[in-house]
Amino acid sequence: MADHTLDAKGLNCPLPILKARKALKEVPDNGILEILATDPGAVADFEAFCRQTGNELMEHSEDDGIYRFLIKKSA
Amino acid sequence: MSSEEKSMSIIVTKGSLDWAYPPFILATTAAAMGLPVTMFFTFYGLPLLLKDLNLQLTAAGNPAMKMPMMGAHMGLPNLLTAVPGVDAACTKMMKNLMAKKGVASIEELRDLAVEAEVRLIACQMTMDLFEYSLEDMIEGPELGGAATYIEVATESDINLFI
């Protein structure tokens, strides 16, 4: 489903955001970036990141300490 | 990607390992969020632009610095920080802890800042005072003074002094 997956597990603030920004460059407009992270702070941070950059945080979930985010790149 | 057209500047005045983090974390994150960012390196912040970083920290005068150790949090009495080798050991512990917790190194954050085209200004007066030259520094910094910074600050939405 995702056009690109970023494994940010084990990385701490602000690396998941910085790597997501770089990974988004690899994603086509309206494409989807999947991010896997273990930093609990990433939830609030990806919400803020998406509000600021205009990309859409389609969903986020948590399973056994792994956070999963789907971000749709704005055109 | 849309930008809110906000911008940020940071005056970087401290160059110990711990104090190097806030400016580089905030600069790289703001740049990732689409903000043009300028960092102005002055006084003890200036050596953060040197090619070779060997950042140190000290627990001297810092009662809040407590490291997690064997289930507790351990501080260091000021007197002990005067013992040769203690600061180096604290620095090593902090760097190990950071690596273990997935915290980026300052070198890594600085590379990301350069890559994100964060504007780096080296304070000319501090360069002169501490006898540094641009050849000692990484590629990218420009020279400037207080007026250069103030012009940036008047155009920035967020101005931080760290």
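Visitor: Where does Leu79(B) sit?
Guide: In this predicted model, Leu79(B) lies in the loop between strand 4 (72–74) and helix 2 (86–100) of chain B.

Visitor: Is Leu79(B) buried or exposed?
Guide: Leu79(B) is exposed: there are 9 other C-beta atoms within 10 Å, and 12 or fewer makes a residue count as exposed.

Visitor: And what separates the C-alpha atoms of Leu79(B) and Thr38(B)?
Guide: A distance of 39 Å, for two residues that are 41 apart along the chain.

Visitor: How many helices and strands does chain B have?
Guide: Chain B has 5 helices and 7 strands. In sequence order the pattern reads β-α-β-β-β-α-α-β-α-β-α-β. The C-alpha trace of chain B spans about 45 × 40 × 25 Å along its principal axes, and 30% of its 162 residues count as buried.

Visitor: Let's go inside. Which residues touch the most other members of the largest nonpolar core?
Guide: That core has 53 residues, and those touching the most other members are Ile35(A), Ala27(B), Ala31(B), Val37(B), Met39(B), Phe41(B) and Ala122(B). Helix 1 (residues 17–32) of chain B provides the largest share of this core, with 7 residues.

Visitor: What does Ala27(B) touch?
Guide: Leaving out residues up to four places away in sequence, Ala27(B) touches Ile10(B), Val37(B), Met39(B), Ala113(B) and Val118(B).

Visitor: How do helix 1 and helix 3 of chain B pack?
Guide: Helix 1 and helix 3 (residues 106–115) of chain B pack at an angle of about 35 degrees, and their axes are 9 Å apart. From helix 1 of chain B, the residues making the contact include Ala20(B), Phe24(B) and Ala27(B), while those from helix 3 of chain B include Leu109(B) and Ala113(B). The crossing is left-handed.

Visitor: Over to chain A. How many residues of its helix 1 are buried?
Guide: In helix 1 of chain A, 8 of the 10 residues are buried, so this helix is largely enclosed by the rest of the structure. Among the buried ones are Leu15(A), Pro16(A), Ile17(A) and Arg21(A).

Visitor: What covers them?
Guide: The cover comes from both chains: it includes strand 1 (4–8), strand 2 and helix 2 of chain A, along with helix 1 and helix 3 of chain B.

Visitor: Which residues of helix 2 of chain A are buried?
Guide: Ala42(A), Asp45(A), Phe46(A), Phe49(A), Cys50(A) and Thr53(A) are. Viewed down the axis of helix 2 of chain A, the buried residues fall within an arc of 130 degrees, so they line one face of the helix. An α-helix has 3.6 residues a turn, so residues three or four places apart point the same way. Ala44(A) and Arg51(A) are exposed on the other side of helix 2 of chain A.

Visitor: What do those buried residues of helix 2 of chain A pack against?
Guide: They pack against helix 1 (15–24), strand 2 (32–37), strand 3 (56–63) and strand 4 (66–72) of chain A.

Visitor: Last one: which residues does the cis peptide bond join?
Guide: The cis bond joins Cys13(A) and Pro14(A), with omega about 0 degrees. Pro14(A) is in the loop between strand 1 and helix 1 of chain A.

Key. Residues are numbered from 1 along each chain as its sequence is written. Chains are lettered from A and ligands numbered from 1 in the order in which they are written. This is a predicted model: local features need pLDDT of at least 70, side-chain atom pairs count only at pLDDT 80 or more; totals for chains, interfaces and linings use all residues. A residue is buried if 20 or more other C-beta atoms lie within 10 Å of its own, exposed if 12 or fewer, and partly exposed in between; C-beta atoms are placed from the backbone. Helices (H or I, at least four residues) and strands (E, at least two) are DSSP runs, numbered from the N terminus. The arc is that of the directions from the helix axis to the C-beta atoms. Two residues are in contact if their C-beta atoms, placed from the backbone, lie within 7 Å. A nonpolar core is a set of buried Ala, Val, Leu, Ile, Met, Phe, Trp, Tyr and Cys residues joined through C-beta atoms within 7 Å. Axes are lines fitted to C-alpha atoms, for helices over the stretch in contact, and angles run from 0 to 180 degrees between N-to-C directions. A crossing is left-handed if the near helix is turned anticlockwise from the far one by less than a right angle, and right-handed if clockwise.
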